[in-house]
Structures are given as C-alpha cells and as structure tokens.
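Visitor: I'd like a quick tour of this one, with numbers I can check. Please take it question by question.

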Amino acid sequence: MNSCLFCSIIKGDVKGDIVYQDESVVAFRDIHPKAPVHILIVPRKHIATLLDLEQGDKGLMGDIFYAATRLAKDKGISEDGFRVVLNCGPGAGQSVYHIHFHMLGGRSFSWPPG
Ligand code: 5GP
Ligand code: ZN
C-alpha cells in the first residue's frame with residue numbers, strides 16, 4: 001500500500017494538482033490529460049480495483065459521483081456534457097491499482113470507446 005501512487009498523492013508525499021477534496025474523496029488533474037478537462041476522482045481509502053469493492057464501500061461510490069457533479073459544474077463542462085470512466089483490470093487499460101474515475105470534458109467523445 002505504501003508504494004501506491006495515488007495514496008502518495010492523497011497524503012501529499014507526491015505532488016498532485018488537487019481540484020476537490022472532502023472527507024472521503026480527492027480529485028486531481030491527470031498528468032497526461034486526454035481532454036481539456038481530465039480529472040481523476042479517487043477515494044481516500046485504498047481499493048485496488050472495482051472488483052475489490054466491499055459492502056461497506058457502497059456509500060463511498062455515491063460520494064464519488066456527488067463529487068463528479070460538483071466538479072462538472074465547477075469546471076464548466078456540465079452543459080456540453082462529459083464522460084466518467086473507470087478502467088478495471090489490464091484488459092481495460094487500468095495502470096494504477098487504486099480505484100479511480102476519469103472525468104473527461106471540454107470536447108466531444110465518440111462511442112464506443114477504443
Ligand atoms: P488508468 O490507466 O489506470 O485507468 O489511469 C491512470 C491515470 O493516471 C492515467 O490517465 C495517467 O495519465 C494518470 N497518472 C499516472 N501517473 C500520474 C501521476 O503521477 N500524477 C497524476 N496526476 N496522474 C497520473
Ligand atoms: Zn492507494
């Protein structure tokens with residue numbers, strides 16, 4: 001757990017451009033943005049993947065999506081629309097094993113995703 005990049009950003013040991021935080025959630029800008037607005041929304045609690053979610057984490061997921069609505073309005077992407085994405089496991093391209101939602105906005109998106 002000590003070697004988790006996102007735990008280090010949450011603790012402040014690694015610099016992150018934090019744009020939102022509350023008692024359970026932290027959000028910071030992605031270091032390699034794939035859209036004009038690209039924010040990672042993470043729980044303070046270390047959870048490696050979506051499959052590691054426990055019964056007691058259900059409220060936390062609501063906290064994350066509530067943070068997403070706050071951010072969408074705050075960052076001016078709520079009217080045009082935005083995307084919230086979670087990659088689970090290697091086949092989906094997950095590269096950091098601390099659960100995180102990508103919030104992408106500021107451009108249009110195609111479907112299905114690549
Ligand atoms: P994943 O591929 O796991 O769904 O997403 C991981 C994301 O973390 C990638 O979009 C990547 O650009 C981002 N990332 C990797 N290292 C850092 C870092 O040190 N700081 C920040 N802010 N984002 C990072
Ligand atoms: Zn972690």
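**Histidines, a ligand and some rings**

Visitor: Which side chain makes a polar contact with the side chain of histidine 102?
Guide: A polar contact is a pair of N or O atoms within 3.5 Å; within protein, one must be able to donate a hydrogen and the other to accept it, and residues adjacent in sequence count only if both atoms are side-chain atoms. Here the two side chains come to 2.8 Å. The partner of histidine 102 is histidine 38.

Visitor: What pLDDT do local features need here?
Guide: Residues are numbered from 1 along each chain as written, chains are lettered from A and ligands numbered from 1 in written order, and side-chain values use heavy atoms, without hydrogens and water. This is a predicted model in which totals for chains, interfaces and linings use all residues, side-chain atom pairs count only at pLDDT 80 or more, and local features need pLDDT of at least 70.

Visitor: Is histidine 102 buried or exposed?
Guide: Histidine 102 lies in strand 5; helices (H or I, at least four residues) and strands (E, at least two) are DSSP runs numbered from the N terminus. Buried means under 20% relative accessible area, exposed over 50%, and partly exposed in between, with a 1.4 Å probe and protein chains only. At 14%, histidine 102 is buried.

Visitor: Which of the 16 residues around ligand 1 come nearest?
Guide: A residue counts as near if one of its heavy atoms lies within 4 Å. Helix 1 gives the most to this shell, with three residues. The nearest residues are Asp30, Asn87, Gly93, Ser95 and His102.

Visitor: How much of ligand 1's accessible area does the protein cover?
Guide: An oxygen atom of ligand 1 is 2.9 Å from an N or O atom in the side chain of asparagine 87, and an oxygen is 2.9 Å from a polar backbone atom of glycine 93. A nitrogen of the ligand is 3.3 Å from a polar backbone atom of isoleucine 31. Accessible areas come from the Shrake-Rupley method with a 1.4 Å probe; for residues, only the protein chains shown count as cover. Of the 520 Å² that ligand 1 has on its own, the protein covers 84%.

Visitor: How many aromatic pairs does a search of the whole structure find?
Guide: Rings of Phe, Tyr and Trp (its six-membered ring) pair if their centres lie within 6.5 Å; planes under 30 degrees apart are stacked, over 60 edge-to-face and the rest tilted. On that basis, the count is two.

Visitor: How many residues apart in sequence are the parts tied together by phenylalanine 6 and phenylalanine 28?
Guide: These two form an edge-to-face pair, 5.2 Å centre to centre with 75 degrees between the planes. Phenylalanine 6 lies in helix 1 (residues 5–11) and phenylalanine 28 in strand 2 (residues 25–29), so the pair bridges a separation in sequence of 22 residues.

Visitor: And what relative accessible area does phenylalanine 65 have?
Guide: Phenylalanine 65 pairs edge-to-face with phenylalanine 101, at 5.1 Å and 70 degrees. Phenylalanine 101 is buried at 7%. Phenylalanine 65 is partly exposed, because its value is 41%.

Visitor: Which side chain does the side chain of histidine 46 contact?
Guide: Histidine 46 lies in the loop between strand 3 (37–43) and helix 2, and it is partly exposed at 23%. Its polar contact, at 3.4 Å, is with histidine 98.
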